[in-house]
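Here is a short tour of a two-chain model, meant to be read with the structure open beside the text.

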Amino acid sequence: MGAASLSSASLVNSLSSLSLSSSQTPPPPPPPPTAVSLSSASYDSLSLKALTINQPVIAPSIRETSPDIHSVLFPSLAFSNTLFFKTPYNVQVIVSPDESEESLIGRFRREVFRANVIQECKRRRFFETNQEKRKRKIRDAARRRARRRQQPVAKKDETPRKKVVDDQPENWDLIDIEVPYCK
Amino acid sequence: MAKAIPKKGSRGRIGSRKSIRKIPKGVIHIQASFNNTIVTVTDVRGRVVSWSSAGTCGFRGTRRGTPFAAQTAAASAIRAVVDQGMQRAEVMIKGPGLGRDAALRAIRRSGILLTFVRDVTPMPHNGCRPPKKRRV
């Protein structure tokens, strides 16, 4: 196995407290020159030490924040998987030996979809004029806005409808009750 | 200047030597374009061991791009390599074709242990200008 795959595995290990979750986005690498030049054998221990010494504060926050925020918090590390490793990749899925075929393929497809690989490929196949680019951006923005508005609005609609429904029909019949001081 | 004289034995044996190579771990590259799928099996360093494609499996024309063709290509590439004793493999998938999932399925079914599945589709950071739009 090349040092690249080992290094990515060890990075995942060190930054997420030794739990290999395959759906995790590639975490930010340690200071590049030291990382790349280290041999794979001594890599794990040294990288752990370096990370604990240099970035004690960042490590826990990485675990808590979602992968989407990583590109905002660490903008320079947004393309870390494509630039820093020996074989740059867009998506990596770590396979456990006792995993079913469908789950592996489903996981891979979901990761690829999240990374927008196929959409980007199709877009870059042919040249796109500025007019088309503007149209595409407007369409994407509208889609994103619609998606963001759909979810909270749907929740609000449900609760008032439940309250309006009246199970018992109104009862105007005379009720025989003994009222004092009346016949 | 004296020219290096090759050894007598190596000249005759070069062809058969390469096929004896035993590789326990390798990398399977799948290039899935819209019209074809090429499956190449290499060792960890990248030296090709065997390859197969939908076209070499007998499909021609539009049928090369189908997922079934990708499946047969992957199966044929792996059959040649399993005999050489490859147990573990890494998969690198490139390109936006239909053969991506089908080839991966075929590899999974062949019994080779997969360690990583990676997507290595090359993404320009706004580099070369692509060809003009087709007016079909």
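A residue is called buried when its relative accessible area is under 20%, exposed when that is over 50%, and partly exposed in between, using a 1.4 Å probe and the protein chains only. By that rule, buried residues make up 26% of the 183 residues in chain A. The model is a predicted one, in which local features need pLDDT of at least 70 and side-chain atom pairs pLDDT 80 or more, while totals for chains, interfaces and linings use all residues; side-chain values rest on heavy atoms, without hydrogens and water. Residues are numbered from 1 along each chain as its sequence is written, with chains lettered from A and ligands numbered from 1 in the order in which they are written.

**The two chains**

Helices (H or I, at least four residues) and strands (E, at least two) are DSSP runs, numbered from the N terminus. A contact means heavy atoms within 4.5 Å. With those terms in hand, the chains can be set side by side.

Of the 136 residues of chain B, 41% count as buried. Among contacts in chain B between residues at least 6 apart in sequence, 64% join residues at least 24 apart. In chain A, residues 24 or more positions apart account for 49% of the contacts with a separation of 6 or more.

**Helix H3 of chain B**

Let us look at one helix from several sides. H3(B) is mostly covered, with nine of its 11 residues buried. Among them are Gly99(B), Arg100(B), Asp101(B) and Arg108(B). After H3(B) comes Gly111(B), which has a positive phi near 100 degrees.

Within its own chain, H3(B) packs against helix H2 (residues 67-82) at an angle of about 35 degrees, the axes being 8 Å apart. Here axes are lines fitted to C-alpha atoms, for helices over the stretch in contact, and angles run from 0 to 180 degrees between N-to-C directions. The crossing of H2(B) and H3(B) is right-handed, a term for a near helix turned clockwise from the far one by less than a right angle, left-handed being anticlockwise. On the H2(B) side, the contact is made by Pro67(B), Ala70(B), Gln71(B), Ala74(B) and Ile78(B), and the H3(B) residues include Ala102(B), Ala103(B) and Ala106(B). For classes, Ala, Val, Leu, Ile, Met, Phe, Trp, Tyr, Cys and Pro count as nonpolar, Asp, Glu, Lys and Arg as charged, and the others, Gly among them, as polar. The contact of H2(B) with H3(B) has eight nonpolar, two polar and one charged residues.

Thr37(B) belongs to strand E2 (residues 37-43) of chain B. Thr37(B) counts as buried because its relative accessible area is 1%. Leaving aside residues up to four places away in sequence, Thr37(B) touches Ala70(B) and Gly99(B), among others. Thr37(B) and Pro67(B), 30 residues apart in sequence, are 8.7 Å apart in space, C-alpha to C-alpha.

**Where the chains meet**

H3(B) also meets a helix of the other chain. The axes of H7(A) and H3(B) come within 10 Å and cross at roughly 145 degrees, and this crossing is right-handed. On the chain A side, Glu101(A), Leu104(A), Ile105(A), Phe108(A), Arg109(A) and Val112(A) take part, and their partners in H3(B) include Arg100(B), Asp101(B) and Arg105(B). By class, the contact of H7(A) with H3(B) has five nonpolar, no polar and seven charged residues.

The second largest pocket has a lining of 17 residues, of which Arg109(A), Ile118(A), Gly97(B), Arg100(B) and Asp101(B) lie nearest its centre. Two or more lining residues come from each of helix H7 (101-114) and helix H8 (117-123) of chain A and helix H3 (99-109) of chain B. The lining divides into 10 nonpolar, three polar and four charged residues. A pocket is an open set of points on a 1 Å grid over the protein atoms alone where a 1.4 Å probe fits, with protein on both sides within 12 Å along at least five of seven lines, and lining residues have an atom within 4 Å of a point.

**Two asparagines with positive phi**

Asn116(A) is found in the loop between H7 and H8 of chain A, and its phi is near 60 degrees. Asn116(A) counts as partly exposed because its relative accessibility is 35%. Asn126(B), in the segment after strand E5 (113-119) of chain B, has a positive phi of about 55 degrees. Asn126(B) counts as exposed, at 61% relative accessibility.
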